[in-house]
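Morning, everyone. I have one structure to go through today, and I will keep to the geometry. Please have the sequence and the model up on your screens.

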Amino acid sequence: MTKEEILNYKERYTTQLYQLTRDEQAKDELYYKDTFEVPEIKEPHKKYRSGIGVRIVDAPAEHIVTRNPQAFFDVRKGGRESGLKISELVNQVWLDVLRRQNPSIFKENIKQQLGYGEAYIKVIHNENWLNGNRLGLPVHFIALNPMVVYGSPEEDVNGIPDRVIIWYQRQLSEVIVRYPDWTDPKKKDRESDKAKQVEWFEYWDKDFRYFEADGEAVLKGEIQPNIYGFVPFIRKYSGFGRRAPDGELSSLIVSDIRYSRDLIREECATRSNINSVEYLFAHKPITLVVPIGTKKEDIEEMGWGAYAYNVIYSNDVNAVKKLDMDITISPETLTHHANIRAELNQRHPFIMAGFPMGTSGRQQDMTEIAAMRRYDSIVENTENTFATAIEMAFKEMKIVGIKPDELKDSDLNTQFKCEVKLKAVEAIEMDRQQTLGARQYQIGVLSLKTLHMDYMGMTEDEHKEEVAEIL
């Protein structure tokens, strides 16, 4: 692998392979931040935004992620005791640390899938552990913004791409501290601007890695071997898109916002028209028609309060009247706005979170369960992401020679399959299952009782006497 080949990958991925995808994601970002253009609204009307985009992304994450994610281990090679120690370490220490991160890495992963159509987790060992400083976890789990990550279309069954490129603007101070041998070729450190940034570029494949800042390599020897032997990134798609015959990634990487953009903009435009009319004409100006020669002082002596008034002078000496400007919102406009909101609520049910969606508790529960089915792919992808990340973390610890105090050297040789569960059973659903089980048990007892009575030819009273004797 040469530097020229690496830069060719960068050029192809950033300007060709991901061009349409990044355009779509940039538009989605505008709708998430509620900064999209609404050309239908013109002065003196103003834009009134409702923040629907952020709720489309954030509300499902609040429902999906529980406070107690759990990891389960199926040991394929190694002792049962090693598997128990690994399970205890991950569940009681690692997942607790990840859950306490601010923001939560679990929610970040879900929001990336919903908001961008894809999500990445970077898993790299904690170099401080190699220097004896055991602060934090032995492995870093990093949620990256997908808009700065360019993964190859090719990947393995776990969602690990064949190669990954990272390209974004990074803080100059971070690079200087992290890579003291870097010479700052553009001499940005001399500039007065404190918010100085450099163009950061990373390249990873299973064999090599290459980092540069402002066009200068920061690693010794420029291109270094990848000691892991695999790409330390896991990628998952949202599941809202599908593969295109021509391989266009924008058809596969689809956010939950993309196909609702026009509805969101229409809702904003309609809401803005309604509110603008209400606010502009809440204090309606009053127009008077008076004869020429009427003194202004006489008009001003009238009680206008907070209302403005306009005066039209007429040649008719008897012309004294008030012209009312009655501008109201039509019922059709209000109905149209309600219909738009209803369609958005149907497409994205959790933007209605907190409001009743049924006439009873049971109906509410069933409605929420049905709504959650829409996000099954998001749940599965997130669970598989963190299961793969945990497996990857133990491989990295073994490769670089990091061992937590809770484990022995032999424990790192344990081969296992990890499964992570993020969604706990809802209390209402658990109660329903328990009630259903109790009823089925009662029906079973009654059926056995009937069969026993039929077989023995007993009456009801005779059966009760036999049971009493047994007890």
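Predicted model: local features only at pLDDT ≥ 70, side-chain atom pairs only at ≥ 80, totals over all residues.

I'll start with a helix pair. Helix 8 and helix 10 are roughly antiparallel to each other, because angles over 145 degrees count as such and theirs is about 150 degrees. Their axes are 10 Å apart, and the crossing is left-handed. From helix 8, the contact uses L263, I264, E266, E267, T270, R271 and I274. Helix 10 brings T333, L334, H336, H337, I340, R341, E343, L344 and R347. Sorted by class, that contact has six nonpolar, four polar and six charged residues.

The protein has 471 residues, and 41% of them count as buried. Its secondary structure amounts to 14 helices and 14 strands. If you take contacts between residues at least 6 apart in sequence, 70% join residues at least 24 apart.

Helix 5, residues 105–116, and helix 12, residues 376–400, cross at roughly 130 degrees, and their axes come within 10 Å. That angle makes helix 5 oblique to helix 12. The crossing of these two is right-handed. On the helix 5 side, the contact is made by I105, F106, N109, I110, Q113 and L114. On the helix 12 side, I378, N381, T382, T385 and F386 take part. What classes of residue make up the contact of helix 5 with helix 12? There are six nonpolar and five polar residues, and no charged ones.

I234 sits in strand 10, residues 233–237. Is I234 buried or exposed? The relative accessibility is 0%, so I234 counts as buried, the cut-off being under 20%. Setting aside neighbours within four places in sequence, I234 is in contact with A119, Y120, I121, V123, N158, G159, I160, T385, T388, A389 and M392. One of these, T385, is also in the contact of helix 12 with helix 5. Another, I121, is 113 residues away from I234 along the chain, yet their C-alpha atoms are separated by 5.3 Å.

Last, the backbone. Most residues other than glycine have a negative phi, and most peptide bonds are trans. Here are some that depart from that.

From E43 to P44, omega is near 5 degrees, and P44 is in the loop between helix 2 and helix 3. From N102 to P103, omega is near 0 degrees. P103 lies in the loop between helix 4 and helix 5.

Two residues other than glycine have a positive phi. D214 has phi near 55 degrees, and lies in the loop between strand 7 and strand 8. E222 has phi near 65 degrees, and its place is in the loop between strand 8 and strand 9. As for accessibility, D214 counts as buried at 9%, whereas E222 is partly exposed, with a relative accessible area of 37%.

That is the list. I'll take questions now.

Conventions:
Residues numbered from 1 in each chain as written. Heavy atoms only, no water. Helix = DSSP H or I, 4+ residues; strand = E, 2+ residues; numbered from the N terminus. Buried < 20%, exposed > 50% of the residue type's maximum accessible area, 1.4 Å probe, protein only. Contact = heavy atoms within 4.5 Å. Axes fitted to C-alpha atoms, helices over the stretch in contact; angles between N-to-C directions. Parallel < 35°, antiparallel > 145°, perpendicular 65-115°, else oblique. Left-handed = near helix turned anticlockwise from the far one by under 90°. Nonpolar A, V, L, I, M, F, W, Y, C, P; charged D, E, K, R; others polar.
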